[in-house]
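Please load the model in your viewer and keep the selection panel open.

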Amino acid sequence: MHEPLVLLSARLLDPVSGGFLPGTALAAVGGRIAALGDERSVRAAAGSSATVVDLKGAVVTPGLVDGHVHPVSGAELTHGLDLSGCTDVPQVRAALAAGVRELAPGGWLHGWGLDPNVFGAGPVETAPFDAVLDGVPATLLLFDAHSLLASRRALELAGVDGPRTFDQASAEVVCDAGGRPTGLLLEDAACELVERVAPQPTRAERRDRLAAALRAMAASGLTGGHAMDANGDSLAFYAELDAAGDLPLRLRVAPWCQPGTDADGVRALIEQQGTGGALWRVDGVKTFMDGTIDNGTAWLERPDCHGESTHAFWPDPEVYTRTLAELHRAGVSTATHAIGDAAVRHVLDAVEKAQAQAGAPGPAAGGRRGPRHRVEHIETVPDDTLRRFAELGVIASMQPTHCCDFTRADHTDNWSRRLGEERAARAWRCRDLWDSGATVVLGSDWPIAPYPPLGVMAGARHRRPSRDLSQAPHGPEQALTALEALRGMTVAPAYAAGEEHEAGRIAVGHRADLTAFAADPLTTPATELLDVPVLLTVLDGRPTHRAASL
């Protein structure tokens, strides 16, 4: 057990009322908030062995929680060339040329964060880069992490010379009219054809990358995350870091349930629930109803402008419905990736059926409906979908920075062009979902978008491209207020995890997970919020980040 902690000269911000608590001191003992009030009483509650930090008037909020993050896969994917700053093909070509010059003979080139908007109205393919990647095996991960471009040499080494069929309905080796691969691979099953022949980092390298990423997250103000995968060594890494006292985030982990998961696989997911350690646990299941709009693999009620995005991720969507019902009966929460309107509607229908089969009381009865299911992303939905989130108790998990950085106010981006004006105008309806009574949880979906939580909250407020905040916002009427954005990363994720009685607020008995800022996040302009210094991050009563000025 670590020693008690006392924070002095703090402005303690309540994310429910939006006001400051009357005391300016806080004591954490045994990982919980033991006292709030004046310096004398708080010091007495903590004892003489406490570590004392004078915050000099800093604003303290409950610890910020990323509602949708991929720590292990993110740490693995975000190495090599960062292409996220490239805005056109020449910039990408120049970055690749520089990377090739630094490659050892026979080495593979890996890039990540590639925005399909760099191709303009042209197809997303490797042809523009064939000359610079001549003979070089390369994988260029697109920003959504649901697709990648493989160079001709990489395809050759993987033995990919034509179309393939997959259990994942949206997976595809994209080919030209002659049946030759264009280099674009859609969804995991297709991407893995090339990824499995590329050189792999050692286990130690992967763990070190994860540890470094988690430390950086803590320094950005995060105290927790809802980790939306448990693939490979993820759980073992969390256990090792936790046992060593090196896990700087509290993690709620949802393993995947993919199409093709049989009855034994579902039972294994149910039995896995609740396992974990001091700062992490398996809680929930992550599944998918579609892919992405940018790739034409979302599930829309009407096709996109290319005639794509017409199918569910599950070859038979009713299998998903039955699987969700089984998890619901077992008391397991689900988090379903559903981006298109048809996908979101199907998830809501499935939850409604599961609740009816379980005999759950309706809203009028005021009873619990069992596990708290979630829909992840919700990029475009019609009006008649909104009210159902609150009616069914389904949580809306939103990533506003996706709207900021991958769409444009004038709808000239790939996402908007594919959808057309009507649906593009329904982008990331954070405001409408909030006003309809839904619980809105905010997150980054890192590595898809940057993880700093101040950037996520800022994006929910300004909805402008982070690389150029002078540009017009996309759907400013869907912006959240500063207080709502703060709740989206404190109160809301606590509720989503069923932890509203011990997390998400600054109160005696609650977890001592705290974040301290140099300025008030509620009064700082949205366009300046990302630049506010994070002075202190506290997890379980223990500082995981402390600025040099303290």
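**Cavities**

The structure holds three cavities of 30 Å³ or more. On a 1 Å grid over the protein atoms alone, a cavity is a set of points where a 1.4 Å probe fits but cannot get out; grid points are joined across faces, edges and corners, and a volume is the space filled by probe spheres set on the points. This is a predicted model, in which local features need pLDDT of at least 70 and side-chain atom pairs count only at pLDDT 80 or more, while totals for chains, interfaces and linings use all residues. Residues are numbered from 1 along each chain as its sequence is written, and side-chain values use heavy atoms, with hydrogens and water left out.

Select Met228, Arg252, Ala254, Asp283, Gly284, Ser333, Thr334, Ala335, Arg372 and Arg374, which line the largest cavity; lining residues have an atom within 4 Å of a point. The space in this largest cavity is about 60 Å³. Its lining comprises four charged, three polar and three nonpolar residues (Ala, Val, Leu, Ile, Met, Phe, Trp, Tyr, Cys and Pro count as nonpolar, Asp, Glu, Lys and Arg as charged, and the others, Gly among them, as polar).

**An open sheet**

Next, display the open five-stranded sheet, whose order is β2-β6-β23-β24-β25 with mixed pairing. Its edge strands, β2 (11-12) and β25 (542-546), each pair on one side only. Strands (E, at least two residues) and helices (H or I, at least four) are DSSP runs, numbered from the N terminus, and two strands pair if DSSP finds at least two bridges between them. Now select residues 59-62 (β6) and 514-517 (β23): these strands run antiparallel and are joined by four bridges. Valine 59 has phenylalanine 517 of β23 as its bridge partner.

**Alanine 427**

Move to alanine 427, in the loop between α14 (421-424) and α15 (430-435). Is alanine 427 buried or exposed? With a relative accessible area of 3%, alanine 427 is buried (under 20%, 1.4 Å probe, protein chains only). Beyond its neighbours within four places in sequence, alanine 427 is in contact with Glu379, Cys403, Trp415, Arg463, His474 and Gln478 (heavy atoms within 4.5 Å).

**The second largest pocket**

Finally, select Asn295, Gly296, His306, Glu308 and Arg418, which lie nearest the centre of the second largest pocket among its 32 lining residues. A pocket is an open set with protein on both sides within 12 Å along at least five of seven lines. The space here is about 630 Å³. Colour β12 (172-175), β13 (181-186) and α13 (414-419), each of which supplies at least two residues of the lining.

Technical notes
Buried means under 20% relative accessible area, exposed over 50%, partly exposed in between (1.4 Å probe, protein chains only).
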